[in-house]
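Subject: Handing over the structure

Hello,

I am passing this structure on to you, and my notes on it follow below.

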Amino acid sequence: MTHVAPVVPAPEPWRGVFAPAYGVPVGGLVGIGFATHPDSGHDLVLAVSHSGHGLFDAVTGERIARDDDPDPEDALPDEASGLSCPGLGPIAGSRVRIAGLFGGGLCTTTENGWTLEVAAPARSSERVLLSRAGQEGERRWHLYDPDCSELRTAGFSPSGQTLAVATSSDLALWTRRAAGGPGVRP
């Protein structure tokens with residue numbers, strides 16, 4: 001019998017963006033990509049699903065834009081689109097690279113030593129682990145277990161301020177930005 005470490009809350013300075021901790025439901029999720037809000041500087045997450053595109057503020061969790069009927073030519077991030085989809089809302093007119101079912105990937109490390117790993121100790125039993133090397137050695141947290149959903153992608157935003165886990169049915173986010181303002185935590 002395989003011993004499975006329990007899922008634990010993310011350590012400081014990380015905080016979950018959504019309640020409940022598993023995230024928000026996004027049925028038929030294909031993949032996600034990151035962009036930066038042109039006004040607030042917050043990380044944004046574009047969630048691409050078979051039922052449309054949604055844009056989330058990765059600090060507040062607010063869904064700030066939605067397209068229920070994207071152009072069929074641009075609805076999914078395939079090779080022809082360079083694994084990208086059109087931005088919407090405050091990032092309309094730009095393209096966002098998407099990681100997930102069709103390929104691509106997200107950052108797995110940050111500049112200040114956080115690392116994300118997807119471990120699969122048993123067939124179809126992926127776990128998302130967050131770690132950080134420090135003075136006492138490396139610490140690891142079992143952050144997410146996709147349970148009944150298929151993992152699409154997991155990783156950090158290019159800024160390193162957001163951590164995302166996307167499954168076939170949910171989007172979970174953690175941030176190091178303070179909830180009340182633009183401040184960045186270590």
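One term first: contact here means heavy atoms within 4.5 Å. With that in mind, Pro86 is in contact with Leu46, His53, Asp74, Ser94 and Arg95, leaving aside its neighbours within four places in sequence. Please also keep in mind that this is a predicted model.

Let me stay with Pro86 for a moment. This proline is found in strand β7, residues 84-86. Is Pro86 buried or exposed, or something in between? Pro86 counts as partly exposed, because its relative accessible area is 25% and that class runs between the 20% and 50% cut-offs. One of its contacts, Asp74, is twelve residues away in sequence, and the C-alpha atoms of Pro86 and Asp74 are 7.0 Å apart.

The overall picture

The protein chain has 15 strands and zero helices. Of its 186 residues, 49% count as buried. Among contacts in the chain with a separation of 6 or more, 49% are between residues 24 or more positions apart.

His42 sits in the loop between β3 and β4 (43-49). Its relative accessible area is 11%, so His42 is buried, the cut-off for that class being under 20%. Which side chain makes a polar contact with the side chain of His42? That partner is Asp57, at 2.9 Å. Asp57 is also among the residues that His42 touches, a list that includes Ala35, Thr36, His37, Val59, Thr60 and Arg177 and does not count residues up to four places away in sequence.

Ser159 lies in another loop, the one between β13 (151-156) and β14 (162-167). With a relative accessible area of 39%, Ser159 is partly exposed. Its side chain makes a polar contact with the side chain of Asp43 at 2.8 Å, and there is also one with the side chain of Ser157 at 3.0 Å. Thr110 is 49 residues from Ser159 along the chain, yet their C-alpha atoms are separated by 7.9 Å.

The largest pocket holds about 230 Å³ of space. Its lining is made up of 17 residues, and those nearest the centre are Val8, Ala21, Tyr22, Leu143 and Trp174. Two or more lining residues come from each of β1 (15-16), β12 (137-144) and β15 (170-175). Which element gives the most to this lining? It is β15, with three residues. By class, the lining of the largest pocket has 13 nonpolar residues, two polar and two charged.

The second largest pocket has a volume of about 170 Å³. There are 14 residues lining this pocket, and Phe34, Arg97, Ala99, Gly105 and Leu106 are the closest to its centre. At least two lining residues come from each of β3 (29-36) and β8 (95-97), and β3 gives the most, with three. The lining of the second largest pocket divides into ten nonpolar residues, three polar and one charged.

Cysteines

A disulfide is a covalent bond between the sulfur atoms of two cysteines. How many disulfides does a search of the whole structure find? The number is zero. As for individual cysteines, Cys85 is buried, with a relative accessible area of 0%, whereas Cys107 is partly exposed, at 34%.

Two backbone details

Most residues other than glycine have a negative phi, and most peptide bonds are trans. Two places in this model are worth a look with that in mind.

The peptide bond from Glu12 to Pro13 is cis, with omega near 10°. Pro13 is found in the segment before β1.

Leu83 is not a glycine, but its phi is positive, near 55°. Leu83 lies in the loop between β6 (63-67) and β7. Because its relative accessible area is 15%, Leu83 counts as buried.

If you open the model for a first look, you could begin with the loop that holds His42 and then turn to the loop that holds Ser159.

Best wishes

Methods. Residues numbered from 1 in each chain as written. Predicted model: local features only at pLDDT ≥ 70, side-chain atom pairs only at ≥ 80, totals over all residues. Heavy atoms only, no water. 1 Å grid on protein atoms, 1.4 Å probe; cavity = no way out; pocket = protein on both sides within 12 Å on 5 of 7 lines; lining within 4 Å. Points joined across faces, edges and corners; volume = space filled by probe spheres on them. Helix = DSSP H or I, 4+ residues; strand = E, 2+ residues; numbered from the N terminus. Nonpolar A, V, L, I, M, F, W, Y, C, P; charged D, E, K, R; others polar. Disulfide = S-S within 2.5 Å. Buried < 20%, exposed > 50% of the residue type's maximum accessible area, 1.4 Å probe, protein only. Polar contact = N/O pair within 3.5 Å; in protein donor to acceptor, adjacent residues only side chain to side chain.
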